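Read the following with the structure open beside the text.

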Amino acid sequence: MRSDPEYMQLALTEARKAMEQGEVPIGAVLVDDEGGVVVRAHNRRETDHDATAHAEIIAIREGGRRLGRWRLSGCTLYVTLEPCPMCAGALVMARLKRVVYGVPDARAGSVESIFNIPAHPSLNHHLEVTAGIAEDECRALLQTFFRARRGGSNG
């Protein structure tokens, strides 16, 4: 079985694919309880003209199809950016065991930064959270993308 940093490198590869397609560079990798990679995904909002086409949602949908079940119990999702409210809710609803993310999101992070949806006491499922895996590399990729989009400015 690979380590968290090794799986995060796979998610970063997906994030780079997103960037090459003009998408915000966020990648995700869904791993089963034996360490097998089930799905690799990246943002496709612009490509699919779909506000819900976040890397996490794509990984959850495809993972369910490949595993033949909607409950992704025992699975871990590796994602380069802390999930937003929609994605954090989907992680809980899919019954994931664990989410591992790279960089926190101060604007929409809903696993720890702004909200903590996975640990909300009213929900019937809670998942483990590991943060900061390859954080510098994940942050640098996002900063590079947004700097280029803004014409090279730092703001």
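Predicted model: local features only at pLDDT ≥ 70, side-chain atom pairs only at ≥ 80, totals over all residues.

The residues being covered are Cys 138, Leu 141, Leu 142 and Phe 145, which are the buried residues of H5. Viewed down the helix axis, these buried residues of H5 fall within an arc of 90 degrees, so they line one face of the helix. An α-helix has 3.6 residues a turn, so residues three or four places apart point the same way. On the other side of H5, Asp 136 and Ala 148 are exposed.

H5 itself has 15 residues, and the distance from its first C-alpha to its last is 21 Å, close to the 21 Å expected at 1.5 Å a residue. Just after H5 comes Gly 151, with a positive phi of about 80 degrees.

Leu 142 lies in H5 and has a relative accessible area of 11%. Buried means under 20%, so Leu 142 counts as buried. Leaving out residues up to four places away in sequence, Leu 142 touches Val 24, Pro 25, Ile 26, Leu 81 and Val 103. Leu 142 and Arg 16 are 126 residues apart in sequence, yet their C-alpha atoms are 9.7 Å apart in space.

Next, helix H1. This helix has 17 residues and reaches 25 Å between its first and last C-alpha, close to the 24 Å expected at 1.5 Å a residue. Its buried residues are Asp 4, Tyr 7, Met 8, Leu 10, Ala 11, Leu 12, Glu 14, Ala 15 and Ala 18. Among the elements that cover these buried residues of H1 are strand S1 (27-31), strand S2 (37-42), S3, S4, strand S5 (128-131) and H5. After H1 comes Gly 22, whose phi is positive, near 80 degrees.

Which helix gives the most to the lining of the largest pocket? It is H5 (residues 135-149), with 5 residues. The largest pocket holds about 630 Å³ of space. Its lining consists of 24 residues, and those nearest its centre are Leu 81, Asp 105, Arg 107, Leu 142 and Phe 146. By class, the lining has 11 nonpolar, 5 polar and 8 charged residues. Leu 142 and Leu 81, both listed nearest the pocket centre, also touch each other.

Key:
Residues numbered from 1 in each chain as written. Heavy atoms only, no water. 1 Å grid on protein atoms, 1.4 Å probe; cavity = no way out; pocket = protein on both sides within 12 Å on 5 of 7 lines; lining within 4 Å. Points joined across faces, edges and corners; volume = space filled by probe spheres on them. Helix = DSSP H or I, 4+ residues; strand = E, 2+ residues; numbered from the N terminus. Nonpolar A, V, L, I, M, F, W, Y, C, P; charged D, E, K, R; others polar. Expected span 1.5 Å × (residues − 1). Buried < 20%, exposed > 50% of the residue type's maximum accessible area, 1.4 Å probe, protein only. Arc of directions from axis to C-beta. Contact = heavy atoms within 4.5 Å.
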